[in-house]
Amino acid sequence: MKPPRAFRLLLSFVLIAAVATAATPEEKLKELGLKLPPTSSPVANYVPAVRTGNLVFLAGHISRGEDGKVITGKVGREVSDKDANAAARLTALAMIATLKKEIGELSKVKRIVKVSGFVNATDSFTGQPQVMNGCSDLLVAVFGERGKHARAALGMGSLPLGAVVEIEMIVEVE
């Protein structure tokens, strides 16, 4: 049996209102108690972001603490999985700041397409995916379904400035 027309109309208005009041990525950051850090300058001869057509390619961002200092160390030796996961989350926050600087409003993001994460780890460490979940989980929390992405999580013998993680990202925008 089909619901009465009045019920269907009411349901439609509720759904439209829900979509209209859906939190923007900036509002979601605020709800999460997060503030975007200042964007940092490149450490070599490159730019932080390149936009071509509807894609934005973010250069590798290394892990930095809230004080702006590089979070250094090797996972599996002096850095725990949990601390490396937190470093990946902070790195994702820095990438979101760079993306916002490049495109203005984060609501212009259509999809986080690809994330590549590099983890400074010992030869025997195999938890790179769990470390990179710090980044991926934040992107999904901020962008919802648009934040779900393809990903690579790789172990490295070393990273620039001794950073725990380095992450790059490709984003589709309006």
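Student: Is lysine 110 buried or exposed, or something in between?

Tutor: Lysine 110 is partly exposed, at 43% relative accessible area. Buried means under 20%, exposed over 50% and partly exposed in between, with a 1.4 Å probe and protein chains only. Before we go on: this is a predicted model, where local features need pLDDT of at least 70, side-chain atom pairs count only at pLDDT 80 or more, and totals for chains, interfaces and linings use all residues. Residues are numbered from 1 along each chain as its sequence is written, and side-chain values use heavy atoms, with hydrogens and water left out.

Student: OK. What forms a salt bridge with lysine 110?

Tutor: Glutamate 172 does, with the closest N and O atoms 3.8 Å apart. A salt bridge here is a side-chain nitrogen of Lys or Arg within 4 Å of a carboxyl oxygen of Asp or Glu. The pair links distant parts of the chain, with glutamate 172 in strand β5 (residues 165–173) and lysine 110 in strand β3 (residues 109–120), 62 residues apart. Strands (E, at least two residues) and helices (H or I, at least four) are DSSP runs, numbered from the N terminus.

Student: How many salt bridges does the structure hold?

Tutor: There are 4. One of them joins the side chains of lysine 100 and glutamate 26, at 3.0 Å from N to O. Lysine 100 sits in helix α3 and glutamate 26 in helix α2 (residues 25–31), so this pair ties together parts 74 residues apart in sequence.

Student: And which residue does arginine 77 meet in a salt bridge?

Tutor: Glutamate 78, at 3.1 Å from N to O. Arginine 77 counts as exposed at 58% relative accessibility, and glutamate 78 is exposed too, at 51%.

Student: Switching topic: what volume does the largest pocket have?

Tutor: About 590 Å³. On a 1 Å grid over the protein atoms alone, a pocket is an open set of points where a 1.4 Å probe fits, with protein on both sides within 12 Å along at least five of seven lines; lining residues have an atom within 4 Å of a point. The volume is the space filled by probe spheres set on the points.
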